[in-house]
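Dear colleague,

Please find below the structure that I promised to hand over.

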Amino acid sequence: MAEISITPPVLLAPLAGITDLPFRRLVSSFGAGLVVSEMVASQEVVQARPLARARAELGFGDSATAVQLAGREPYWMAEAAKYVESQGARVIDINMGCPAKKVTNGYSGSALMKDLDHALRLIEAVVGAVQVPVTLKTRLGWDDALLNAPTLARRAEGAGVRMVTIHGRTRCQFYKGQADWAAIRAVKEAVNVPLIANGDITDSSRAAEALRLSGADGVMIGRGAQGRPWVLAQVAHALYGAPAPVIPQGDALADMIVAHYEAMLSFYGAELGIKIARKHLGWYLEAAGLEPARAEVLTADDPALVIARLRSIFRQQERCAA
C-alpha cells in the first residue's frame with residue numbers, strides 16, 4: 001500500500017451536508033493539504049443510491065482528495081472502498097468518530113470505539129481491498145470512562161492505517177465544551193504514523209496551540225472553514241510557510257460566492273441546489289458581517305434574484321468601506 005504524504009499538513013474535515021464536491025474544490029483552490037468528503041454510508045454507495053454517490057463524487061483531475069466511509073460490515077466497507085478508489089479517490093478515510101445517534105445506533109461511527117475487535121475487522125477489510133492509503137478518524141473515546149483512542153490507533157496502525165486523526169472530544173460530548181488538544185498527545189505517543197489534531201481549530205493561533213499541546217503532525221479544520229474557504233490556506237501560510245492566499249473582497253468576494261452558488265446548482269440540480277446552498281450563503285454573509293442581509297438573500301427562490309442580491313450587497317459594502 002502507498003504511503004501518505006500531505007503538504008502542507010492542514011486538512012479539511014469531513015462535514016455532513018457541507019464538504020461536497022463544490023465546497024472541496026473551492027477550499028482546494030485556495031490551498032489545502034487534503035480535503036475530505038462528507039461521510040458516505042458504505043452499503044448505500046455500493047448499491048448506487050444517488051445522494052451517497054454524489055457525496056463521494058470526486059471529479060476528474062481533482063487531487064489531494066479523500067473519501068470518508070462509514071459502516072459496520074466488513075464486506076460493504078471493502079466494496080465501497082474499491083468503488084471510490086476506482087472513481088479516483090487518492091485516500092480513503094474510515095469514520096469511527098461520528099457521534100450522531102442515527103450513526104451510532106447502527107453500530108457505526110464512534111460506536112465502534114466500544115468494540116475494538118470489530119473496529120479492526122472493518123479496518124482490515126478496507127486496507128486489504130485497495131492500494132491507496134487508508135486513514136482513520138476517531139475521537140478520544142466513547143466517554144470519560146472509555147478513553148481508548150491510543151489503543152485503537154495503535155491497533156489500526158498495525159493493520160495498515162497510514163494516518164490517524166483525533167477529534168479532541170469523546171462521543172458523549174458531541175460538540176459541547178472545548179476540544180481537549182492535550183489529551184490527543186497520548187494518541188500521538190502510541191503511534192508512529194502521522195497524527196492529525198481536530199476540534200475547535202478555527203485560525204492560525206488556535207492551530208499553533210493545538211499542535212503545541214497535542215504534539216500532532218498537522219491539523220484538521222471543519223466548522224472554521226464555513227464562510228471562510230480560505231482559512232486552511234491562511235493556517236498553512238502562518239504555520240508552514242505555504243503561499244499566502246489572496247482573500248477576496250467586495251466584487252471579487254461576490255464573484256467567488258456566485259461561482260460557488262452556481263456550482264452547487266449544477267451539481268445537485270436547481271431545486272435541491274437552491275436549498276443546500278442557503279446554509280453556505282448564510283455563512284458567507286455572517287463571516288462578512290452582513291447578517292442583516294440574510295433574509296433578503298435566503299428567502300429568494302429564483303437563482304437570478306439571489307445572484308443579483310448578492311452582488312448588490314457586497315458592492316454596497318465595498319462602497320461603504322471606501
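Within how many Å do the axes of helix α9 and helix α10 come, and at roughly what angle do they cross? This is a predicted model, in which local features need pLDDT of at least 70 and side-chain atom pairs count only at pLDDT 80 or more, while totals for chains, interfaces and linings use all residues. Residues are numbered from 1 along each chain as its sequence is written, and side-chain values use heavy atoms, with hydrogens and water left out.

The axes of α9 (residues 204-214) and α10 (residues 231-240) come within 9 Å and cross at roughly 55°, where axes are lines fitted to C-alpha atoms, for helices over the stretch in contact, and angles run from 0 to 180 degrees between N-to-C directions. Helices here are DSSP runs of H or I with at least four residues, numbered from the N terminus. In α9, Ser204, Ala207, Ala208 and Leu211 meet Gln234, Val235, Ala238, Leu239 and Tyr240 of α10, contact meaning heavy atoms within 4.5 Å.

Helix α11 (residues 250-268) has 19 residues and should span 27 Å at 1.5 Å a residue, which agrees with the 27 Å between its end C-alpha atoms; the expected span is 1.5 Å times one less than the number of residues. Just after α11, Gly269 takes a positive phi of about 90°.

Leu285 lies in helix α12 (residues 270-287) and counts as buried because its relative accessibility is 0%, buried being under 20% relative accessible area with a 1.4 Å probe and protein chains only. The C-alpha atoms of Leu285 and Val297, 12 residues apart along the chain, are separated by 9.3 Å.

Best wishes

Definitions and conventions: Helices (H or I, at least four residues) and strands (E, at least two) are DSSP runs, numbered from the N terminus. Buried means under 20% relative accessible area, exposed over 50%, partly exposed in between (1.4 Å probe, protein chains only).
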